[in-house]
Amino acid sequence: MAAIPSVKLAGVEKAMPVIGMGTMSFPAADLETTKAAVLDAIRAGYRHFDTAFAYGSEKALGEAVAEALRLGLVESRSDLFITTKLWASFAGPGQVVPACKMSLWNLKLEYVDMYLIHWPVRLTEAVSKTPVPEELVQALDMKVVWEGMEECVNLGLTKGIGVSNFSCNLLEQLISIAKIPPAINQVELNPSWQQKKLRDFCNEKGIHITAYSPLGANNTKWGDNRILGNDVLADIAKAMGKTTAQVALRWVYEQGVSIASKSFNKERMRQNLEIFDWCLSDEDLDKISQLPQTKGVTLAAALGPHPLVLEIDASI
């Protein structure tokens, strides 16, 4: 297997491996299942792990990291790149630093490598089920929340900060008030939702994009088989002796985008790493560029079709 490349992020000393293991499961996996999957991933070669308070996987990831260190699977915490996210219920004045500390407590870590704003919206209360009442949904106070994110950096709670699900317009607003600019924008991106305008904008601004749902999040309530069941990708894969998933992941990587790909299957974990010693042809890239575009993830599907939510969805 070829070595996993890393990418240098703006304002962050440690480089980030370009492929990471996502830990969001639907339905949610129990702690021991997630912990075992993370340990399998470390054995397979993964060193980048993506979690979030909202996923409920922080504790399992933290226990797996501790076990990996105990077993000698990694030499030190610094060998790993850990990303977690600020949930919308904590995106208010005075809440960001405590929320980051709570995630660190869940992870049993002194710091994370990247802390992201999960969604560009605020929920005024903690929620245990979705959709949520419209009165709980508020616009994000960008200045207040980003100052909290910057304070997390200043306190050493995280090495870098960024966002998730932000549009070009929201990023423009953020850049205009940020003392520490966002290093990452994590968004849905795959051959069926290519996000070229956003990619071009982020490249111009020095913001790295990480793709979630790079394989279409099949077998979840928000995903489907538009990637893994795509005939164009399947034909390219067959001709190259690769899997459809490998072709899709390679396409994402060739766009200069890093990947958060979730699989708890050991064989597919390994296959997902085997994308770095071959290339797609210009003809293949041209075919993929012409695929119909369909957005899979919407905030309205989670929170409800409220006016502010629909406005955010329309922009990203």
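I began with the neighbours of Ser57: leaving out residues up to four places away in sequence, Ser57 touches Thr23, Thr34, Thr51 and Ala52. A reminder to myself before going on: this is a predicted model.

Where does Ser57 sit? I found Ser57 in the loop that runs between strand S4 (48-50) and helix H2 (58-71). Is Ser57 buried or exposed? Its relative accessible area is 3%, and buried means under 20%, so I put Ser57 down as buried. I then looked at what its side chain does, and noted a polar contact with the side chain of Thr23 at 2.7 Å.

**Strand S3 and its partners**

Next I turned to strand S3 (residues 19-22), and checked which strands pair with S3. With strand S12 (residues 258-261), S3 pairs in the parallel sense, and I noted three bridges.

**Asn230**

My next stop was another loop residue. Asn230 is placed between strand S11 (208-212) and helix H7 (231-240). How accessible is Asn230? I have 12% relative accessibility for Asn230, and with the cut-off for buried at under 20%, Asn230 therefore counts as buried. Its side chain reaches the backbone nitrogen of Leu233, at 3.0 Å. Setting aside neighbours within four places in sequence, I list Asn225 and Leu291 as the contacts of Asn230.

**The second largest pocket**

Last, I opened up the second largest pocket, which holds about 250 Å³ of space. Which elements give two or more residues to its lining? I found helix H5 (168-177) and helix H12 (307-315). H12 gives the most, with four residues. From the lining I jotted down several names, including Leu308, Glu311, Ile312 and Ser315. Others in the lining include Pro120, Ala139, Leu140 and Met142. Asn169, Leu170 and Gln173 are also among the lining residues.

Notes
Residues numbered from 1 in each chain as written. Predicted model: local features only at pLDDT ≥ 70, side-chain atom pairs only at ≥ 80, totals over all residues. Heavy atoms only, no water. 1 Å grid on protein atoms, 1.4 Å probe; cavity = no way out; pocket = protein on both sides within 12 Å on 5 of 7 lines; lining within 4 Å. Points joined across faces, edges and corners; volume = space filled by probe spheres on them. Buried < 20%, exposed > 50% of the residue type's maximum accessible area, 1.4 Å probe, protein only. Polar contact = N/O pair within 3.5 Å; in protein donor to acceptor, adjacent residues only side chain to side chain. Contact = heavy atoms within 4.5 Å. Pairing = 2+ DSSP bridges.
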